Amino acid sequence: MKIERALGTCYYPEHWPKEIWREDARRMAELGLKWVRIGEFAWSRIEPEFGTFDWDWLDEAIEILGEAGLKVVLGTPTATPPRWMIDRHPDMLAVDENGNPRKFGSRRHYCFSHEGYREESRRIVDQFAARYGKNPHVAAWQTDNEYGCHDTVISYSDVARKAFQIWCLNRYGTVEKLNEAWGNIFWSMEYRDFADIDFPNLTVTEPNPSHVLAFRRFSSEQVVNYNKLQVDIIRAYSDKPIAHNYMGRITEFDHFKVGDDLEIASWDSYPLGFLEDRIPESDSFKHAHSRQGHPDFQAFHHDIYRAVGKGRWWVMEQQPGPVNWAPYNPAPLPGMVRLWTWEAFAHGAENVMYFRWRQAPFAQEQMHSGILRPDSVEAPAFHEAEQVARELQSLSSDQNVDAPIALVFDYESQWVTDAQPQGEGCHYFDLAFDYYCAARRLGLSVDIVRTDARDLSDYKIVLIPGLVTISDAMKSALEAFDGEVIAGPRTNAKTAELSIPRPLPPNMPGLDATIAYVESLRPSVQLPIKEGGNFIRWREQLETTAEIVATTEAGEPAAVRSRNMTYVAGWGDQALLVRLLSETCTRIGVATELMPASVRRRDTKNHRFYFNYGNAQTSIGDIDLPPAGVVWKEQSST
Amino acid sequence: MKIERALGTCYYPEHWPKEIWREDARRMAELGLKWVRIGEFAWSRIEPEFGTFDWDWLDEAIEILGEAGLKVVLGTPTATPPRWMIDRHPDMLAVDENGNPRKFGSRRHYCFSHEGYREESRRIVDQFAARYGKNPHVAAWQTDNEYGCHDTVISYSDVARKAFQIWCLNRYGTVEKLNEAWGNIFWSMEYRDFADIDFPNLTVTEPNPSHVLAFRRFSSEQVVNYNKLQVDIIRAYSDKPIAHNYMGRITEFDHFKVGDDLEIASWDSYPLGFLEDRIPESDSFKHAHSRQGHPDFQAFHHDIYRAVGKGRWWVMEQQPGPVNWAPYNPAPLPGMVRLWTWEAFAHGAENVMYFRWRQAPFAQEQMHSGILRPDSVEAPAFHEAEQVARELQSLSSDQNVDAPIALVFDYESQWVTDAQPQGEGCHYFDLAFDYYCAARRLGLSVDIVRTDARDLSDYKIVLIPGLVTISDAMKSALEAFDGEVIAGPRTNAKTAELSIPRPLPPNMPGLDATIAYVESLRPSVQLPIKEGGNFIRWREQLETTAEIVATTEAGEPAAVRSRNMTYVAGWGDQALLVRLLSETCTRIGVATELMPASVRRRDTKNHRFYFNYGNAQTSIGDIDLPPAGVVWKEQSST
Amino acid sequence: MKIERALGTCYYPEHWPKEIWREDARRMAELGLKWVRIGEFAWSRIEPEFGTFDWDWLDEAIEILGEAGLKVVLGTPTATPPRWMIDRHPDMLAVDENGNPRKFGSRRHYCFSHEGYREESRRIVDQFAARYGKNPHVAAWQTDNEYGCHDTVISYSDVARKAFQIWCLNRYGTVEKLNEAWGNIFWSMEYRDFADIDFPNLTVTEPNPSHVLAFRRFSSEQVVNYNKLQVDIIRAYSDKPIAHNYMGRITEFDHFKVGDDLEIASWDSYPLGFLEDRIPESDSFKHAHSRQGHPDFQAFHHDIYRAVGKGRWWVMEQQPGPVNWAPYNPAPLPGMVRLWTWEAFAHGAENVMYFRWRQAPFAQEQMHSGILRPDSVEAPAFHEAEQVARELQSLSSDQNVDAPIALVFDYESQWVTDAQPQGEGCHYFDLAFDYYCAARRLGLSVDIVRTDARDLSDYKIVLIPGLVTISDAMKSALEAFDGEVIAGPRTNAKTAELSIPRPLPPNMPGLDATIAYVESLRPSVQLPIKEGGNFIRWREQLETTAEIVATTEAGEPAAVRSRNMTYVAGWGDQALLVRLLSETCTRIGVATELMPASVRRRDTKNHRFYFNYGNAQTSIGDIDLPPAGVVWKEQSST
C-alpha cells in the first residue's frame with residue numbers, strides 16, 4: 001500500500017477574528033501544510049441555544065481554508081457539550097469513583113451510557129454530516145476527541161449502573177451463570193438478580209477481579225458503540241474517510257474495536273508531556289530525555305495505530321513546543337519537532353498535523369505552544385515544519401516495510417493487570433513495551449498485531465508476553481506458525497473470566513511447562529540470570545521437561561523452549577530481553593544491529609531512517625547523527 | 001499448663017465439587033493434619049434467600065471431614081452477609097470517614113452498631129449453634145472472621161452516631177461532665193446535649209483528641225459486645241471452646257476485652273504480607289527480609305495472643321506461600337513455612353492451621369497460595385507441613401517457659417497516639433515493639449501482660465514504655481513489684497480522658513522526675529547518648545533528683561533510676577535499648593546472649609529453639625543454622 | 001514614626017479557675033509584660049445559649065488584668081461559633097472541594113458568604129464593642145482569629161455559589177463580557193446566564209484558570225468585607241486601634257486589603273512549626289534549622305506586615321517552645337525565643353506577644369508549650385522573655401530604617417500560580433521569597449511594598465519578580481523611578497483576567513524584550529549561567545535588542561538590561577540572585593556585606609542587629625555570635 005505523506009495543523013477559527021482567517025490560511029499553505037482540522041470543540045458557537053444554529057461562520061471558515069488549497073478534517077463537537085446541555089440532561093455527567101459528578105467547566109463531561117446524550121450526539125452529528133457531507137473541502141472526519149482522555153471511559157453514574165446490569169444479562173444470560181463465571185461463592189458474593197449488581201467501587205476491601213473485568217469490558221464497549229453511532233450517521237452522508245484521534249497510553253477501551261468502524265486511526269503525540277506524565281522510568285532517565293522524549297514511546301504508538309487503522313494512520317496532533325499539562329513542561333531540543341515528524345512518516349503515517357496553528361492566549365491551554373505564537377509570529381516549530389515540508393518534496397511517498405517481528409498487543413490484558421496486578425507496577429502495558437523496546441534496540445522494525453490475527457506467516461518472530469488469555473483461535477494460529485514465538489510471563493495465565501485455568505498456565509501447545517506459583521518482587525530486588533540480565537518485578541516457578549535455555553542463579557528455570565516456542569518465566573530487564581531476542585534472531589537468520597543508547601532506526605520499503613534521541617553527537621557505522629538528528633539512506637535491498 | 005501441638009488447615013467445601021471432598025479429607029489426614037476450619041464465608045450457600053436454609057451440604061462436609069479423623073472448627077459466617085441482607089437493611093453498611101457507604105462486593109460490609117444486623121447475626125449464629133452444637137466432629141468454634149481487618153472497626157454511619165451519643169451518656173452522665181472531661185471550653189466546643197455530639201471526622205482542623213479517644217473506645221466496645229452476642233448464643237448450645245481469629249497489627253479494638261469472652265485466642269500469621277504492608281522498616285531491611293518476614297513480628301503477636309487467650313492460643317491461618325494482598329508478594333525462602341510453624345509452637349501455640357488447603361482459582365484470593373495448587377498438586381508448603389508433622393511426633397507436647405521479662409501492652413495507648421501522635425510516626429505500637437525486639441535480641445523470652453495485671457511477681461523485669469495512663473491499681477502492682485521496671489517515654493503521660501495530668505508526668509511512685517516538655521524529632525535527627533545509642537523521634541526534658549544513668553551529648557538526663565524504676569526520657573534506638581536492657585539484666589542476674597542479627601530464640605519448658613530468619617548460614621555458639629533453619633535443644637535447666 | 005516596644009502574652013481566663021487569675025496577672029506584670037490578649041475563643045462562655053449572656057467572668061477578668069497594669073487586647077470570638085449556632089444555621093458550614101461540609105468540632109467552621117452567620121457576627125461584635133468599647137483597660141481589638149488558617153478562605157457551599165454568581169455579575173456586567181474575559185469559547189465553555197456559573201471544582205480536567213482566578217478574587221473579597229463588617233461596628237464604640245492576627249504563609253486572601261481597614265497588622269510567628277509544615281526546603285536544610293527555623297521566613301513576614309499595617313505591626317502570637325501542629329515539633333535552641341523576639345523588634349514590631357501564658361492541659365493544643373507549664377512552673381520561654389524585658393529597658397523605642405531596597409509583593413500573583421503553575425512547585429510566593437533571601441544574604445534591610453505603590457523614590461532598588469500583571473499605574477511609577485528595577489521571570493506575564501497579553505510579555509517600558517516561549521524544568525535540571533549561578537524550575541526564551549548581562553551556557557540571554565530595568569529570564573538560584581543583586585548594589589553604590597550562612601542582620605534607625613540562626617559560634621567582622629545569639633550595635637550613620 002503506497003503512502004502519500006503530508007503535513008497539516010489544527011485550527012480554531014472560532015478563537016480568532018474573521019479578519020485574520022484568510023491570512024492564516026495563506027500562511028498555512030505557504031508553509032507547505034496540506035490539511036487542517038477544525039470544529040471539534042465549537043459546539044457552543046454552532047448551536048448557542050438548543051435548536052438555534054449558527055453555521056455561517058463555519059461555512060465561511062471551511063470555504064476560506066478550502067480556497068487556500070487546504071483539505072479540511074471536520075471534527076464532531078461532542079467532546080464539549082455546551083452548558084445548556086446540562087440543563088436538559090442533568091444526569092448526563094459521568095460520576096467518579098467516589099460518587100461525585102464530574103462537572104461542567106472543562107471537557108469530556110458526559111457519561112457514555114446516557115441515552116439522552118447519545119440522542120443529542122446523534123442530532124448534532126446528523127446536522128454536521130448533512131451540511132458538510134458533500135462539501136468539496138471536507139476531505140476527512142474526526143469523531144469526538146480523544147476518547148478516554150482524563151480517565152473518562154469509566155463512569156459510576158446511575159445510568160451506567162443500569163446499562164451495566166443489562167450488559168451482564170446479555171453476556172451471562174442468567175445470574176447463576178454470572179455467579180459461576182465470577183466465582184461469587186467466594187465470600188458469599190452471590191447475586192440473585194441482575195438488579196443486585198453494583199459497580200466494583202467503594203467496596204470494603206478489593207472487589208472481585210472478575211467483577212472488575214466485566215465492568216471494564218462493558219465500559220470499553222460503551223465507547224465502541226458510542227463511536228459507531230457517530231460513524232453510521234457520517235457515512236450516510238459522506239464518502240470521506242473517518243478517523244478518531246486516540247491519545248497516548250490510554251488503555252481503558254479497546255482501540256482496535258473502535259478502529260474497526262473507522263477508515264483511519266490517528267493519535268495525538270506529545271513526547272515531552274508523556275515522558276513526565278505517563279512513563280514509569282527513573283528520574284535519571286527522565287532527566288536525560290527531558291527535551292527529547294522516550295526513544296520508543298512514540299514509535300510504539302505509531303505501530304499500534306498502524307494496526308488499529310489497518311494500515312492507514314495519522315498523527316492528528318503533534319507536539320510543537322512546550323505543552324501545559326505535564327508536571328514539567330520543557331521546550332524540545334532544537335530539531336526534535338522535525339525528528340518526531342519524520343519518525344511518524346518512517347512508521348507509515350500519511351499525515352502529521354501540528355497542534356496547534358497558533359498558541360491561544362486564553363483559557364486552559366494558553367501555555368501550550370503552536371506553530372505561531374499568540375502574536376502570530378513564527379514559533380520555533382514553524383521552521384522545523386518548514387524544513388520537513390521541503391524534505392517531503394523528494395520523499396513524498398513510500399511503503400511500509402515487511403517487519404520481521406510482530407508483537408501481539410491486547411487491551412484486555414491491561415484491564416486484567418489493573419484488576420489484579422499482584423505486585424505494584426506489574427502492568428501489562430509496560431511488559432509489552434519492554435519487549436518492544438528490546439526489539440527496537442536491536443534495530444528491528446516491529447508490527448503490532450491483534451489477538452484475533454489468524455495468519456502470522458508474514459513474520460519470523462511473534463512476541464506474546466503477558467497476553468493473558470490465549471483463545472483457541474490464537475492457539476491454532478500459533479501452532480500453524482513456523483517462526484519463533486516468545487511468550488511469558490503471564491501468557492495465558494487466566495481464563496476469559498479472570499480465573500486460573502486448569503491445566504495450570506501457560507498450557508501452550510507443544511510446551512510441557514506448568515507454573516507452580518508466581519511471585520512479585522519489590523523494586524529493590526533483581527534476580528540474576530546466569531546467562532545474563534535479570535528478572536525484575538515478577539517471577540514464575542516452572543515445572544518443565546522442556547529444554548531450559550536460561551536459569552536463575554538460584555538454579556530455577558528462567559526460560560524454556562520447545563519446538564518454536566520460548567517461554568520466559570519472569571519479567572526480564574532490558575539486558576535479558578535484548579540478549580534473548582538477539583539470540584533468537586541469530587538462530588533464525590534475522591539481521592540485528594545493537595543501536596547506541598540514544599539511536600533508533602526504522603525501515604520503510606525504500607529507506608532506512610536513523611533517529612538520534614540523544615542530546616549529543618552520535619554515530620552508528622558510517623552514519624553521523626547530530627543531537628536530535630535524522631538521517632535516511634536508500635534501502636539497497638529488502 | 002501442658003500444650004498439645006497439632007496442625008490443621010482452612011477448607012472451603014463450598015468452593016469445590018462434592019466429589020472431591022472425601023479425597024481432600026483423606027489427604028489432609030494423611031499429611032498429618034488434625035484440624036480443619038470451615039464455614040466462615042458460606043452464608044449465601046447456607047441461606048440463599050432469607051429464611052430458606054440449605055444445610056445438607058454442610059452436614060455432609062462435616063461428616064466427611066469428621067469421618068476422616070479431622071476435628072472441625074466451625075466459623076460463624078457473619079463477616080460475609082449475603083446480598084439479600086442489604087435489601088433488608090440498606091443502612092447496615094458501615095460508612096467511611098468521607099461519608100461514603102462501604103458497599104457490598106467484598107467482605108466485612110457491616111456496621112457493628114446496626115441493631116438490625118445484630119439481630120440477623122443472632123439469628124444465623126443461633127441456627128449454626130443449634131444445629132452443630134452437639135455435633136461430635138465440631139470441636140471448636142470461630143466467631144466471625146478477622147474483626148477490624150480492612151479498617152472495619154470504625155464506622156461513621158447514622159446508627160453509629162446515635163449509638164455513640166448513648167455511649168457518651170452512659171459514660172459521662174451529664175453533658176457538663178463530658179464537656180469538662182474533654183476540655184470543650186477550648187475553642188468553644190461545649191455541647192448542650194448529647195444529641196449535639198457528632199463524630200470527630202471532617203472537622204475543619206484536628207478534632208479534640210479526647211473526643212477522638214472517646215469515639216475509639218466506643219468503637220472498640222461495639223466489637224466486644226458484638227462478639228459477646230455470638231459467644232453467648234454458641235455457649236448455650238455447645239461446650240466446645242470458642243475462638244476468634246485476630247489479624248496482624250490490628251489495633252482499633254481491644255483484643256484483650258474480646259478475648260475475655262473466648263476460650264482460645266488465635267491469629268492469622270502472614271509474615272511476608274505484613275513485612276511489605278504494615279511494618280515501618282527501611283527499604284534495605286525489607287529487602288533483606290523479603291522472603292522471611294520480620295524476625296520479631298510474628299513472635300510479638302504470638303506472645304500477645306498467648307496473653308489474650310489466657311494461655312490458650314492458635315495460629316488460625318498460617319501463610320503457606322505467596323499471598324495476594326501485599327504491595328509485593330514474593331515466595332517464602334524454602335524452609336520458612338516450617339520455621340514459622342515451629343516458632344508458633346515454641347511460643348505456645350496449640351495448633352497451627354495453614355491457610356488454605358487448596359488455592360482457589362477464582363475471585364479475590366485466586367493468587368493466594370495453599371497447601372495444594374488449584375490443580376490439587378502439592379504446593380511447596382505441603383512438604384514443609386509434612387516435615388513438621390513428622391517432627392511433631394516426638395515433640396507433640398510441651399509447656400510454656402517462665403519468661404523473665406514482661407512487656408505491658410495496651411490498645412488504648414495506641415488510640416492515644418493515633419489521636420495525638422505529636423510527631424509523625426510516633427506510634428505506641430512501634431515503641432512497644434522496639435522494646436520487645438531489644439529483649440529478643442538478647443535471647444530473652446517475653447510475656448505480654450495486660451494493664452490490669454495485678455501481680456507481677458513472676459517476672460524479673462517489667463517494661464512499660466509508652467503506657468499512657470497508669471491506673472492506681474497498676475501503680476500499686478508496680479509498687480509491690482520488686483523486680484526492675486523500665487518506663488518511658490510517654491509512660492503515664494495522660495489522664496484517662498487524654499489530658500495532661502498534674503503533677504506532671506511521669507509521676508511514678510518513688511521516682512522524683514518531672515517532664516518539663518517533650519519534643520518530637522524529624523527522622524533525620526539522632527540525639528546521641530553518651531553511654532551509647534541514640535534517641536530518635538521523641539525526647540523529653542526531665543527535671544529530676546534521681547540518679548542519672550544515661551545522658552545526652554548535650555548533657556540532659558536521658559535515663560534516670562530510683563529504687564527499681566528506670567525512666568527513659570526518649571525513644572531509644574535498638575543500640576540504646578539493647579544496652580539498657582542488657583545492663584538491667586546483668587544487674588539482677590538474668591542471663592542474656594546477644595543474638596546474631598538474623599537469629600532469634602525462644603524457650604519452652606523442655607526446649608530451647610533457635611530460628612534463623614536470614615538467608616545465609618549462621619551459627620551461635622555450637623549451633624549451626626542453615627538459611628531458614630530451626631534447631632532445638634533440650635533444656636538442661638530453667 | 002517612633003516605635004515603642006513592649007512584650008505581652010495571650011491568656012484564656014475561661015480555661016482556669018478564677019482563683020488564680022489575680023496571681024497570673026501579677027506574674028505577667030512582674031515578668032515585664034505590658035499587654036494581654038483575651039476573649040477570642042470564648043463565645044460559648046459568653047453566650048452559652050442564643051441570647052443568654054454571661055459577661056460577669058469577662059468583666060472580672062478584664063478588671064483583674066487591668067488592675068495589674070496590663071493593657072488588654074480584646075478579640076471578637078467569631079472564629080469559634082458555639083454548637084447551638086449550627087442548629088440555627090445548618091448551612092453556615094463551609095464546604096470542601098469534594099462537597100463535604102466542614103463540620104463543627106474544631107474552629108473556623110463557617111462560610112464567609114453565609115448571610116445568617118454574618119448577621120450573628122454583627123450581633124456578637126456589637127455586644128462586645130458596646131460593652132467594652134469604653135473600658136479603660138481595653139487598649140486594642142482583634143477581629144476574629146487567623147483568617148484563612150486551615151484553608152478556610154475558599155468554600156464550595158451553596159451560599160458561596162450564589163454569592164459568587166452575584167460577584168461575577170457585578171464584575172462583568174453581562175455574561176457575554178464574562179465569556180470574553182475568560183475565553184470561554186475555548187472548549188465551548190460559554191455561559192448564557194450568571195446562574196450557569198458553578199465553582200471551578202470537580203471538573204473533568206483542569207478548569208479554566210480565569211474561572212479559578214475570579215473565584216479566588218471573590219473568595220478573598222468575602223474575607224475583606226467580612227472583616228470590615230466587624231471593624232465598622234467596633235469603631236462605632238471605640239477609638240482604640242483594631243488589629244487582626246494573620247498567619248504565616250496564608251495567601252488565599254489579600255492581606256493588604258484586609259489591612260486597609262485596620263490600624264494595626266499583626267501575625268502569629270511559629271518559626272519551627274513553619275519550617276516543617278510550609279517551607280519547601282530540602283531535608284538537609286530542615287535538619288540544620290530544625291531548632292531555629294528558617295533564617296529569612298520570619299523576617300519576610302515581619303516586613304510584609306509592616307507594609308500591611310502601614311507601619312504599625314505586632315507579633316500577636318510568638319512561639320515559646322515546642323508546638324503541637326507540625327509534622328515534627330522539636331524544642332527551640334536555647335536563646336531562640338529571645339532571638340525571634342528581638343528580630344521582630346528590629347523589623348519594627350511594637351509588641352511581641354507570647355502564645356500562650358500557660359500551657360493548657362486539655363484539648364487540641366495541650367502539647368503546645370507556653371510561658372508557664374500546665375503546673376504553673378516557669379517554662380524555658382519565661383526566662384528568655386524575662387531577659388528581653390530587661391534588655392528593653394534600654395532599648396524601649398526606635399524607628400524603622402530607610403531600607404534601600406523594596407520588594408513588591410502581591411497576593412493575586414500567587415493565585416495565578418495556584419491556578420496555572422505550569423510547572424510543579426513554580427509558586428509566586430517562593431519566587432518572591434528567593435529574591436528576599438538574596439537581599440538578606442547581602443545584609444540589606446528590605447521593605448515590602450504593594451502593587452498600588454505609586455512613589456518608589458525612597459528606594460534605590462525595586463524588585464518585581466513574578467509580579468504577574470503590571471497595572472498602568474505601576475508602569476508609570478516604575479517609569480518615574482530612577483533607581484534600579486529587577487524584574488522577571490513571569491513579570492507582567494498575564495492580563496488582569498489571566499490571559500497572555502499582546503504585545504507579548506514582559507512588555508515593560510523602555511525594555512525591548514519579548515518572551516518567545518517559557519519552559520518549566522524538572523527538579524533535577526539546573527541550567528548553568530556563564531556568569532555564575534543557575535536557572536532552576538523555569539526559563540524564558542527572550543528575543544531582545546537590549547544589553548545582555550547574563551547568558552546561559554547554551555548561549556541564550558539569561559538577563560537583559562535597558563536603562564534602569566533588568567529582566568531575568570528564569571528562576572535564579574541563590575548563587576545567581578545574590579550575585580545579580582550584589583552587582584546591582586555595587587553599580588549604584590548601595591553597601592552590601594555577604595552574611596555567613598547562618599547570620600542575618602537588620603538595621604533600625606539607631607541600631608544594627610545581628611542574629612545567628614546557626615547552632616554554632618559564628619563571627620562577622622568584629623562581631624562574635626554564639627549559637628542563637630543576638631548582638632546589636634549603635635548605628636554610627638545611616
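These notebook entries record what I looked up in the structure.

**Ground rules**

I worked with a predicted model, in which local features need pLDDT of at least 70 and side-chain atom pairs count only at pLDDT 80 or more, while totals for chains, interfaces and linings use all residues. Residues are numbered from 1 along each chain as its sequence is written, and chains are lettered from A and ligands numbered from 1 in the order in which they are written.

**Entry 1: chain A as a whole**

I began with the secondary structure of chain A and found 18 helices and 26 strands. Helices (H or I, at least four residues) and strands (E, at least two) are DSSP runs, numbered from the N terminus. The radius of gyration of chain A is 25 Å, close to the 26 Å of the globule rule for 638 residues, so chain A is as compact as a globular protein of that length. That radius is taken over C-alpha atoms, and the rule is 2.2 Å times the number of residues to the power 0.38. I noted a span of about 75 × 70 × 40 Å for the C-alpha trace of chain A along its principal axes.

I then looked up burial: 61% of the 638 residues in chain A are buried. A residue is buried if 20 or more other C-beta atoms lie within 10 Å of its own, exposed if 12 or fewer, and partly exposed in between, with C-beta atoms placed from the backbone. Of the contacts in chain A between residues at least 6 apart in sequence, 71% join residues at least 24 apart. Two residues are in contact if their C-beta atoms, placed from the backbone, lie within 7 Å.

**Entry 2: domains of chain A**

I recorded four entries in the domain assignment of chain A: domain 1 (2-154 + 222-399), domain 2 (158-212), domain 3 (405-588) and domain 4 (599-634). Such bounds come from an automatic or database domain assignment.

I next examined domains 1 and 3 of chain A, whose C-alpha centres lie 35 Å apart. Here 12 residues of domain 1 are in contact with 15 residues of domain 3. On the domain 1 side, α9 (255-259) and α12 (297-308) of chain A are the elements that give two or more residues. The most comes from α12(A), with five residues.

**Entry 3: strand β4 of chain A**

I looked at β4 (residues 71-75) of chain A, in which five of five residues are buried. Lys71(A), Val73(A) and Gly75(A) point one way from β4(A), Val72(A) and Leu74(A) point the other way, and all are buried. In a regular strand the side chains alternate between the two faces of the sheet.

Strand β3 (residues 35-38) of chain A runs parallel to β4(A) and is joined to it by four bridges; two strands pair if DSSP finds at least two bridges between them. Within this pair, Arg37(A) has Val73(A) as its bridge partner. I also found β4(A) paired with β5 (residues 138-142) of chain A, in the parallel sense over four bridges. There, Val72(A) stands opposite Val138(A).

**Entry 4: how the chains are related**

I superposed chain B on chain A by a rotation of 120° with 0.0 Å of shift along its axis, at RMSD 0.0 Å. That is the relation of a three-fold axis. Copies are superposed by least squares on the C-alpha atoms of residues with pLDDT of at least 70 in both. Asn98(B) comes closest to the axis among the residues of chain B, its C-alpha lying at 5.4 Å.

**Entry 5: contacts between chains**

I counted 48 residues of chain B in contact with 42 residues of chain A. On the chain B side, α2 (43-46), α4 (83-88) and α11 (283-288) give two or more residues. That side has 19 nonpolar, 17 polar and 12 charged residues.

**Entry 6: Val631(B)**

I placed Val631(B) in strand β26 (residues 630-634) of chain B. Val631(B) counts as partly exposed because 18 C-beta neighbours lie inside 10 Å. Beyond its neighbours within four places in sequence, Val631(B) is in contact with Tyr610(B), Ile623(B) and Leu625(B).

Technical notes:
Nonpolar A, V, L, I, M, F, W, Y, C, P; charged D, E, K, R; others polar.
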